[in-house]
Amino acid sequence: MTRTTVTTADLHGYDITELKKLRNTHPKVFARNILTAIIMLYEGSTVKEIAGFLLQSTVNIYIYINRWNALGMDALESKKGKSSRSQFNAEMIDDLLHTVTYTKPNDFGLLGGTWTGALLAEYIYQNYEVRCCQQTIRNILHTNGYSFKRAQKKLTKGVECEQEAFKKNDRNNAFCRKRF
């Protein structure tokens, strides 16, 4: 047996006629859908009826309502297609490149001996209070000529003279095949 959900919309100080006027004049479909959902919910429609009217899933309608209740008019702006790279200015990019080239994470209280995407994202957040993902950091570094390489495994306990002797004995003969 499912629990019934009670959903209400906060008007954030706006009148329903103002919201209707804004819905009719707003240029973006995303914003019109949110406003339509809020208006219909305020007028007594159920979430399923709203979903059927807007041709959206009920989950989307709940997302619209929760965004509106949390953000108000800011919920009408879609974040779709906007990258976090647009938050970077030239000073931040120069600082990022200088940091990668000349410093280590330990200098800034971060755990690690080499820079990773996650550590650089944390560094940017500490210094500029801008959240960005690792892929944004990678893209910025790549456009400026930097690349990441995975560390190669190197045996530290191998004796050099024994390794050379093994290489000399590693030949084709009747009893041993050469490895590929």
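Colour the chain by secondary structure to start: it comes to 8 helices and 0 strands, and from the N terminus on the elements run α-α-α-α-α-α-α-α. Helices (H or I, at least four residues) and strands (E, at least two) are DSSP runs, numbered from the N terminus. This is a predicted model, in which local features need pLDDT of at least 70 and side-chain atom pairs count only at pLDDT 80 or more, while totals for chains, interfaces and linings use all residues. Residues are numbered from 1 along each chain as its sequence is written, and side-chain values use heavy atoms, with hydrogens and water left out.

Of the 180 residues in the chain, 29% are buried, meaning under 20% relative accessible area with a 1.4 Å probe, protein chains only. Contacts, meaning heavy atoms within 4.5 Å, can be sorted by sequence separation: among those in the chain with a separation of 6 or more, 51% join residues 24 or more positions apart.

Now select helix H2 (residues 29-42) together with helix H4 (residues 58-71). Their axes are 9 Å apart and the helices pack at an angle of about 90°; axes are lines fitted to C-alpha atoms, for helices over the stretch in contact, and angles run from 0 to 180 degrees between N-to-C directions. That makes H2 roughly perpendicular to H4, the term for angles of 65 to 115 degrees. Show side chains here: H2 brings Phe30, Asn33, Ile34, Leu35, Ala37, Ile38 and Leu41, and H4 brings Tyr64, Ile65, Arg67 and Trp68. By class, the contact of H2 with H4 has 9 nonpolar, 1 polar and 1 charged residues (Ala, Val, Leu, Ile, Met, Phe, Trp, Tyr, Cys and Pro count as nonpolar, Asp, Glu, Lys and Arg as charged, and the others, Gly among them, as polar).

Stay on H2 and pick Thr36, which has its place in this helix. Is Thr36 buried or exposed? Thr36 is buried, with a relative accessible area of 9%. Leaving aside neighbours within four places in sequence, Thr36 is in contact with Arg23, Phe53 and Leu54.

For a last stop, go to His26, in the loop between helix H1 (16-25) and H2. His26 is buried too, with a relative accessible area of 18%. A polar atom of the His26 side chain lies 3.2 Å from the backbone nitrogen of Lys28. Beyond neighbours within four places in sequence, His26 is in contact with Ala31, Arg32 and Leu76.

Key. Buried < 20%, exposed > 50% of the residue type's maximum accessible area, 1.4 Å probe, protein only. Parallel < 35°, antiparallel > 145°, perpendicular 65-115°, else oblique. Polar contact = N/O pair within 3.5 Å; in protein donor to acceptor, adjacent residues only side chain to side chain.
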